[in-house]
Amino acid sequence: MDPRSFADERSESRLYVGNLDLRITEAALIKMFSPYGKIISEDFLWHTRGPKRGEPRGFAFIQYSTKEEAKLAKEKMHGRLACGRPLMVHLASEKYLEEAAAQNSSKAGCNTIKSGTTSTISGQVSRSAKIAAIKNKLKALDEERDGAKKPKAS
């Protein structure tokens with residue numbers, strides 16, 4: 001058995017659960033997701049240092065025994081309200097792609113990137129789009145620094 005195929009299978013059965021209200025406990029999370037399949041593991045993330053040490057970070061990972069169970073849980077739980085907040089449920093392998101796309105779209109107001117360069121056919125952020133985003137960020141930082149220097153020369 002190829003170890004990479006095992007890792008792929010495992011990542012496809014692992015869910016990212018975000019936008020968790022801070023009142024939701026590990027037990028409550030397991031209870032919400034257990035109707036959709038056998039939960040192998042659950043990683044509830046906590047702040048480990050700083051002023052919020054010991055408080056929940058607002059997201060967790062749930063590992064199901066099969067990718068079918070994970071997909072069912074994703075379909076049923078994504079957008080569902082928990083303590084008044086809609087849950088964000090994605091396959092953990094999809095999470096990075098969505099964060100990258102969200103970062104690019106959130107900067108659209110100030111640093112517009114042409115939509116044709118932001119993604120490839122597979123939906124991943126392309127290398128050229130990443131480079132363009134970094135260049136735009138550096139340019140914005142330079143402009144901020146130059147703008148901060150100008151008021152001193154009055």
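View 1. E12, with a relative accessibility of 27%, counts as partly exposed, a term for values between buried (under 20% relative accessible area) and exposed (over 50%), found with a 1.4 Å probe on protein chains only. The side chain of E12 meets that of K67 in a salt bridge, 3.4 Å from N to O; the term requires a side-chain nitrogen of Lys or Arg within 4 Å of a carboxyl oxygen of Asp or Glu. This pair links distant parts of the chain, 55 residues apart, with E12 in helix α1 (residues 3-12) and K67 in helix α3 (residues 67-77). Helices (H or I, at least four residues) and strands (E, at least two) are DSSP runs, numbered from the N terminus.

The model is predicted, with local features needing pLDDT of at least 70 and side-chain atom pairs counting only at pLDDT 80 or more, while totals for chains, interfaces and linings use all residues. Residues are numbered from 1 along each chain as its sequence is written, and side-chain values use heavy atoms, with hydrogens and water left out.

**View 2. Strand β3 and its two partners.** Strand β3 (residues 56-64) is largely enclosed by the rest of the structure, because seven of its nine residues are buried. Strand β3 pairs in the antiparallel sense with β1 (residues 14-18) over four bridges and with β2 (residues 39-46) over six bridges, where pairing means that DSSP finds at least two bridges between two strands. I62 in β3 is the bridge partner of L15, and Q63 in β3 stands opposite S41.

**View 3. A salt bridge between D21 and R23.** The closest N and O atoms of D21 and R23 are 2.8 Å apart. D21 is buried at 11% relative accessibility, whereas R23 is exposed at 59%.
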